[in-house]
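Visitor: I would like to go through the side-chain contacts of this model one at a time. Please show the structure before we start.

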Amino acid sequence: MKLYYYAETDSLYIDLSSRTSVDSREVGDGVVVDFDDRGKIVGIDIDHASKVLDLRTLEVEGLPAPAA
């Protein structure tokens, strides 16, 4: 997973997969979800991110340990 913040458009893109997006749907005001050809979510775009999210910190909790 990768996070990309674009200051010029104040948008945050959460890239969940390396698969290609073939469909996008707005699921809320300024929130677009991208889907691959199997209907799986591959990304989330949030417009006006600095107004709806606290972008000053990023915390990660409870991720599974890498496979041995």
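Visitor: Is Arg56 buried, partly exposed or exposed?

Guide: This is a predicted model, and the value is computed from it. Over 50% relative accessible area counts as exposed. Arg56 has a relative accessible area of 72%, so the residue is exposed.

Visitor: Which residue does the side chain of Arg56 meet in a salt bridge?

Guide: Side chains of opposite charge can pair when their charged atoms come close. For Arg56 the N to O distance is 2.8 Å.

Visitor: How many salt bridges does a search of the whole structure find?

Guide: For the whole structure, the search gives five.

Visitor: How many residues apart in sequence are the parts tied together by Asp10 and Lys51?

Guide: The side chains of Asp10 and Lys51 meet in a salt bridge at 3.9 Å, N to O. Asp10 lies in the loop between β1 (2-6) and β2, while Lys51 belongs to helix α1, so the pair ties together parts separated in sequence by 41 residues.

Visitor: Which residue of that pair is buried, with a relative accessible area of 10%?

Guide: Buried requires a value under 20%. Lys51 is at 68% relative accessibility and therefore counts as exposed. The buried residue is Asp10.

Visitor: Over the face of which residue does Arg25 lie?

Guide: Arg25 is partly exposed, at 44% relative accessibility. Arg25 forms a salt bridge with Asp23, with the closest N and O atoms 3.1 Å apart. Arg25 also lies 4.3 Å from a ring centre, over the face of Phe35.

Visitor: Are the rings of Tyr4 and Tyr6 stacked or edge-to-face?

Guide: The structure holds one aromatic pair. The ring centres of Tyr4 and Tyr6 are 6.4 Å apart and the planes lie at 15°. Planes under 30 degrees apart count as stacked, so the pair of Tyr4 and Tyr6 is stacked.

Visitor: From which residue does the backbone nitrogen lie 3.0 Å from a polar atom of the side chain of Ser17?

Guide: Ser17 is found in the loop between β2 (11-15) and β3 (23-28). At 15% relative accessibility, Ser17 counts as buried. The backbone nitrogen at 3.0 Å from the Ser17 side chain belongs to Arg19.

Visitor: What accessible area do the residues of the nonpolar surface patch have together?

Guide: The patch includes Met1, Leu3 and Val60. Val60 lies in the segment after α1 (49-52) and is exposed, with a relative accessible area of 58%. Together, the patch residues have about 760 Å².

Definitions and conventions: Residues numbered from 1 in each chain as written. Predicted model: local features only at pLDDT ≥ 70, side-chain atom pairs only at ≥ 80, totals over all residues. Heavy atoms only, no water. Helix = DSSP H or I, 4+ residues; strand = E, 2+ residues; numbered from the N terminus. Buried < 20%, exposed > 50% of the residue type's maximum accessible area, 1.4 Å probe, protein only. Polar contact = N/O pair within 3.5 Å; in protein donor to acceptor, adjacent residues only side chain to side chain. Phe/Tyr/Trp six-rings, centres within 6.5 Å; stacked < 30°, edge-to-face > 60°. Lys NZ or Arg CZ within 6 Å of the ring centre and 35° of its normal. Patch = residues over 30% accessible without salt bridge, like charges linked within 9 Å, V, L, I, M, F, W, Y side chains within 5 Å. Areas by Shrake-Rupley, 256 points an atom, 1.4 Å probe, with all protein chains shown as cover. Salt bridge = Lys/Arg side-chain N within 4 Å of Asp/Glu carboxyl O.
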